[in-house]
Amino acid sequence: MTFRLLGGVAAFAAAGLFLHAEAQAQTEVVVGYQQVVGPFITAIADGSFDKAAAEIGYEIDWRQFNSAGEVGTAMASDAVAIGVMGAPGVVSASSRGVELEAFWILNNIGKAEALVVRDGSGIETPEDLKGKKVAVPFVSTSHFHLLVALEKMWNIDPREVDIFNMKPPQIVAAWQRGDIDAAYVWPPALSEIKKSGSVLADSEEIGAASIPTFDTLVVGKAFAAEHPDFMNAFTAVLAEHYNGFNANSAAWTADSAEVQGIVRIIGGSPEDAVETLGLLSFPTLDEQVSARWLGGSASEALMGLAEFLVDQKQIDSVLPDYSGFVNADFANAAAN
């Protein structure tokens, strides 16, 4: 009896060691995310990415970042394989020689980024922004559209406005202290500051007058080339969740599992998350691979952004071609 029991324990221990060795053999992939509401975050929350990765011998290390600049720095040092960036962040990183490529359009930003003026700031028209303190995360889609609006729409020299580089959490804190007069940002920070402010302009109207902005998932080129199995599995999860949202977006209510998962990962309130979902548009798989996005227009938008960022002395020069920083292969694989 004792012998058989010890033998069972030994067998159990051996099995445990085997499983531990198997787990240790998994390839770890660091994926950086930001506070962007949508099906991508839901797929993190419900474990779909982790499950798909584990089935092919990978383990994902999820890490939150506050800006595209942070993600670009991490990718430059190979500390992150996949990350979230706004389109200007892709341009900025590529101009510094970071070898990356956009492989999925997370959203078309539209009304989900806006310039909000604080109640009592004295700002009623764009002209009133002169001499005021405006916060925005630099090298972001919000930063790009703020500069576009000032120069192209309102004929205001940005130097006449005190523009501060702040991350979204810093913007909320500065807003609540009364340190800033206005801010251009995205949810959940946008939802918070709108409670005591009003929208002066948003990225839907500014984008319609210039270049639309979008958030994207980027991957290091070397990693993508070396791990196509992971990229295909990862993109398949994205396709499933994006198509699922577009087929039944009305079910994503404040008390739904999908929205509750978003809030658990990035914070904010369920009501704010639902509001943001209504402000953004999320391209389906077919739309991802079309000429409107990964099939052509995404690289054209990067070129337009690059030209503007050079004018603003955010980057030194425009590259001859940006198509090499967009990769539709994994989305096409999912579609086929």
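Leaving aside neighbours within four places in sequence, which residues is Thr141 in contact with? They are Gly86, Ala87, Pro88, Ile109, Glu113, Thr213, Phe214 and Asp215, where contact means heavy atoms within 4.5 Å. The model is predicted: local features need pLDDT of at least 70, side-chain atom pairs count only at pLDDT 80 or more, and totals for chains, interfaces and linings use all residues. Residues are numbered from 1 along each chain as its sequence is written, and side-chain values use heavy atoms, with hydrogens and water left out.

**Thr141**
- Thr141 belongs to helix H6 (residues 141-153); helices (H or I, at least four residues) and strands (E, at least two) are DSSP runs, numbered from the N terminus.
- With a relative accessible area of 2%, Thr141 is buried (buried means under 20% relative accessible area, exposed over 50%, partly exposed in between, with a 1.4 Å probe and protein chains only).

**Overall form**
- The protein contains 16 helices and 10 strands.
- Its radius of gyration is 22 Å, close to the 20 Å that the globule rule gives for 336 residues, so the protein is as compact as a globular protein of that length; the radius is taken over C-alpha atoms, and the rule is 2.2 Å times the number of residues to the power 0.38.
- The C-alpha trace spans about 85 × 45 × 35 Å along its principal axes.
- Of the 336 residues, 51% count as buried.
- Among contacts between residues at least 6 apart in sequence, 78% join residues at least 24 apart.

**Helix H12**
- In H12 (residues 257-266), the buried residues include Val259, Gly261, Ile262, Val263 and Ile266.
- The buried residues of H12 pack against strand S1 (27-33), helix H2 (39-45) and helix H13 (270-279).
- Gly267, with a positive phi near 85°, follows H12.

**Aromatic pairs**
- The structure holds 15 aromatic pairs; rings of Phe, Tyr and Trp (its six-membered ring) pair if their centres lie within 6.5 Å, and planes under 30 degrees apart count as stacked, over 60 as edge-to-face and the rest as tilted.
- The rings of Phe49 and Trp62 have centres 5.6 Å apart and planes at 50°, so this pair is tilted.
- That pair links distant parts of the chain, with Phe49 in helix H3 (residues 48-55) and Trp62 in strand S2 (residues 58-64), 13 residues apart.
- Phe49 counts as buried at 2% relative accessibility.
- Tyr322 and Phe325 form a tilted pair, 6.0 Å centre to centre with 45° between the planes.
- Tyr322 is buried at a relative accessible area of 1%, and Phe325 counts as buried at 10% relative accessibility.
- Ring pairs link Phe40, Phe49, Tyr58, Trp62, Phe103, Phe223, Phe230 and Phe234 into a cluster.
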